[in-house]
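This report describes one protein model. The overall fold comes after an annotated span, followed by selected local features.

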Amino acid sequence: MIHWMKEKLEQIGTTCELADLGTQELEGKTVKLPPVLLGTLGTDSAKKTLLVYGHLDVQPAAKSDGWDTEPFELVEKDGKLFGRGSSDDKGPVLCWLHAIRAAQKNNIELPVNIKFCFEGMEESGSVGLPELLEREKDRFLAGVDFVCISDSYWLGTKKPCLTYGLRGICSFFVEVTGIKQDLHSGVFGGVIHEPLQDLMWVMAQLTTVDNRIRIPGLYDQVAPLSAAEEKTYDDIEFDVTEFRESVGASKLPTEDKKTLLLRRWREPSLAFHGIEGAFYGPGEKTVIPSKVIGKFSIRIVPDMDPETVNRLTVEYLNKVWAERGSPNTFKPRPGHSAKPWVVDVNDSNFLAGARAMKRVHGVEPDRIREGCSIPITLTFQELTGKSVLLLPLGAADDMAHSQNEKNNKWNYVEGVKTLLAYIMELGSA
């Protein structure tokens, strides 16, 4: 994908280079990381420069996962483009290409220079990219005036929006061991302390049934909500019923619009992701696993600090384990983490995006935060010293990372128009 996109960018006049990220140890092997594509379109010193970021890697997918079509074949059906990456993030990346092609075809001079940074490791935490960007701070990143990322989504399916905040993330692993190998549950059940029983009990102590986090001191770190900020939630267009039905839930922990949005964007959340070492295939396997590793993460918000969250979480896990009273071995540890991000909605970059949205869609876009994490956003902001705009193109029901990921054809075409309008608006920003 990196080499394919390099060829496409060169066809529109972009000067490209492939930056080596080195290697990574993966499952006992040393593997070469995919290069990062750095491109420059225009070097006019009289113009300002826009930096565009995107990623060309995707989440794993197989039709047997529950897809209606082959996930790596783009299929158009009922005005929707189905395929892995159609919305996250190959589709939006291609929108940039088509927007620039449209300008060139109509002999429209772009009012800004454009730099591209496309990677192939975002879904694995952008391994190696922050270090590369640090090295490129005074070369490739020099002279950047604006940064734009289209790797997020509308709040609903009808009205466009602009994203001014992201939650960060702290991930965790909880390992429990107690026997030297897997055992027959009929022969050994009831006479040993089972690691999986211990793990499930400990994990259950982390949240309440309505998804509130039980870790003491966690909510104390959240930045206070001002009356002015709280009022902005009143005007945001959001259909709770549509949201509930889109995820197939019979009931939500809260169905109050403002409370739900605050919990999605403005408060931390804890989610469980899986248990390594436990049997999860179809059918039965009556075995007692000897070692299990639970995996969960906490999405964090301003002013939460990853180091403090890691410390409080591990302390709480150890406290809960002591209450369990099991003789098994217990090892909780933090994984990767990323800080939250928020930007000024009155910044010239953000206002240019808002004008572009209104020009194409005819309505003022909602200003929203997003519950997900795009760690590289903060990296770009810190290294360039300039604002980053998150300009969503896809709808809320695109099902990124899930089965049957899609991008509405209408959203795609309007997305191309929006990106070109944004580029033109930057000429006066």
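How far apart do the end C-alpha atoms of residues 164-321 lie, and how much of the span is helix and how much strand?

## Annotated span

The end C-alpha atoms of residues 164-321 are 39 Å apart, and the span is 34% helix and 22% strand. Helices (H or I, at least four residues) and strands (E, at least two) are DSSP runs, numbered from the N terminus. An unreviewed UniProt entry annotates residues 164-321 as "domain: Peptidase M20 dimerisation"; such annotations may be inferred rather than shown by experiment, and their positions follow the numbering used here, with feature names shortened.

## Basis of the model

The model is predicted: local features need pLDDT of at least 70, side-chain atom pairs count only at pLDDT 80 or more, and totals for chains, interfaces and linings use all residues. Residues are numbered from 1 along each chain as its sequence is written, and side-chain values use heavy atoms, with hydrogens and water left out.

## Overall fold

The protein contains 12 helices and 20 strands. Its radius of gyration is 23 Å, close to the 22 Å from the globule rule for 429 residues, so the protein is as compact as a globular protein of that length. That radius is taken over C-alpha atoms, and the rule is 2.2 Å times the number of residues to the power 0.38. The C-alpha trace spans about 80 × 50 × 45 Å along its principal axes.

Of the 429 residues, 49% are buried (under 20% relative accessible area; exposed is over 50%, partly exposed in between; 1.4 Å probe, protein chains only). Among contacts (heavy atoms within 4.5 Å) with a separation of 6 or more, 79% are between residues 24 or more positions apart.

In helix 11 (residues 376-384), 7 of the 9 residues are buried, including Phe380 and Leu383.

Thr418 sits in helix 12 (residues 409-426). Thr418 is buried, at a relative accessible area of 1%. Leaving aside residues up to four places away in sequence, Thr418 touches Ala356, Met357, Val360, His361 and Leu391.

## Backbone exceptions

Most residues other than glycine have a negative phi, and most peptide bonds are trans. Asn211 has a positive phi of about 70° and is partly exposed, with a relative accessible area of 45%. Asn404, in the loop between strand 19 (388-390) and strand 20 (406-408), has a positive phi of about 55°.

A cis peptide bond joins Asp88 and Asp89, with omega about 5°. The bond from Pro302 to Asp303 is also cis, with omega near 5°; Asp303 lies in the loop between strand 15 (291-300) and helix 9 (306-324).
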